[in-house]
Amino acid sequence: MVMAADSQFHVLAVDDSLIDRKLIERLLKTSSYQVTTVDSGSKALEFLGLIQEHQHTNFKSPSPSPSFSSSNNHHQEVEVNLIITDYCMPGMTGFDLLKKVKESTSLRNIPVVIMSSENVPSRISRCLEEGAEEFFLKPVRLCDVNKLKPHMMKTKLMEDQNQEEEETTATEIELESIEKEEEEEFEFEMKSKKRKGGVDEESVEAERRRRRRFDNNGVATVI
């Protein structure tokens, strides 16, 4: 495994050809991307945390601690923003890898780009229909790599929006829970006073109206 540092986006490049791996790695680094390279679809899945390998793999670790998890239950520590993979590879093809990624609930939003030295229209159509963002003909050029960023930006924007929506929902749930607890405490307090004869129903209703309410911004006010 080979990685570059100090980059906003991280690309996982998959190719069984050493020459092609070096080429795509150089192009991606030229565009200031963080790059991880692997030589097979199975190693890509291992890095992504989709399979567990029991045998040692030939990764070059970018740091003293492992940068990926081989557990099926854990995603790799380094976030992957895009996968670019060769189509023709022994064992698992790039198309197979594409399908595995798109079938994963945790990884399906990662953009996948396919590369091939063969211009086969039916192959290109099949990959695009399966969810590939682009299909590049080899040799990959810098102008091809320049097409990658919009796909990563779009995905990142979607992730940020989803996170914001989740945080908003969590806040709303928490506020509802607080309001419910306060209402339950109030009802308990009023019932206790009624049992003791210290308050009548009219007073209870007056107290309810006096209770705090929330304006549209969630700010508590007393009326």
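## Ground rules

Since the model is predicted, local features need pLDDT of at least 70 and side-chain atom pairs count only at pLDDT 80 or more, while totals for chains, interfaces and linings use all residues. Residue numbers start from 1 along each chain as its sequence is written, and side-chain values use heavy atoms, with hydrogens and water left out.

## The chain as a whole

The chain holds seven helices and seven strands. Both are DSSP runs numbered from the N terminus: helices are H or I with at least four residues, strands are E with at least two. Reading from the N terminus, the order is β-α-β-α-β-α-β-α-β-α-α-α-β-β.

Of the 223 residues in the chain, 36% are buried. Here buried means under 20% relative accessible area, exposed means over 50%, and partly exposed is in between (1.4 Å probe, protein chains only). The accessible surface comes to about 13800 Å², and carbon and sulfur atoms own 48% of that; areas come from the Shrake-Rupley method with a 1.4 Å probe, and for residues only the protein chains shown count as cover. As for contacts (heavy atoms within 4.5 Å), take those between residues at least 6 apart in sequence: 59% of them join residues at least 24 apart.

An unreviewed UniProt entry annotates D86 as "modified residue: 4-aspartylphosphate". UniProt positions are given in the numbering used here, feature names are shortened, and such annotations may be inferred rather than shown by experiment.

In the model, D86 sits in strand β3 (residues 82-86). With a relative accessibility of 6%, D86 counts as buried. Set aside its neighbours within four places in sequence, and D86 is in contact with V14, D15, D16, G94, M115, S116 and K138.

Side chains of opposite charge can pair when their charged atoms come close. The rule used here asks for a side-chain nitrogen of Lys or Arg within 4 Å of a carboxyl oxygen of Asp or Glu, and by that rule there are seven salt bridges.

K138 takes part in a salt bridge with D15, at 2.6 Å from N to O. That pair links distant parts of the chain: K138 is in the loop between β5 (134-137) and α5 (142-145), D15 is in the loop between β1 (10-14) and α1, and 123 residues separate them. Both ends are buried, K138 with a relative accessible area of 19% and D15 with 1%.

K138 also forms a salt bridge with D86, where the closest N and O atoms are 3.1 Å apart. Because K138 is in the loop between β5 and α5 while D86 is in strand β3, this pair ties together parts 52 residues apart in sequence. Salt bridges with shared partners join D15, D20, D86 and K138 into one network.

## Helix α1

Helix α1 (residues 18-30) has 13 residues and spans 18 Å from its first C-alpha to its last, close to the 18 Å expected at 1.5 Å a residue. That expected span is 1.5 Å times one less than the number of residues. The buried residues of α1 are R21, I24, E25, L27 and L28. They cover an arc of only 165 degrees around the axis, which puts them on the same side of α1; the arc is that of the directions from the helix axis to the C-beta atoms. Over on the other side, I19, R26 and T30 are exposed.

K29 is partly exposed at 35% relative accessibility, whereas E25 is buried at 7%. After α1 comes S32, whose phi is positive, near 65 degrees.

## Helix α4

In helix α4 (residues 121-130), the buried residues are R123, I124 and C127. Viewed down the axis they fall within an arc of 100 degrees, so they line one face of the helix. Their cover includes α3 (94-103), β4 (112-116) and β5.

P121, S122 and E129 are exposed on the other side of α4. Just after the helix, G131 adopts a positive phi of about 125 degrees.
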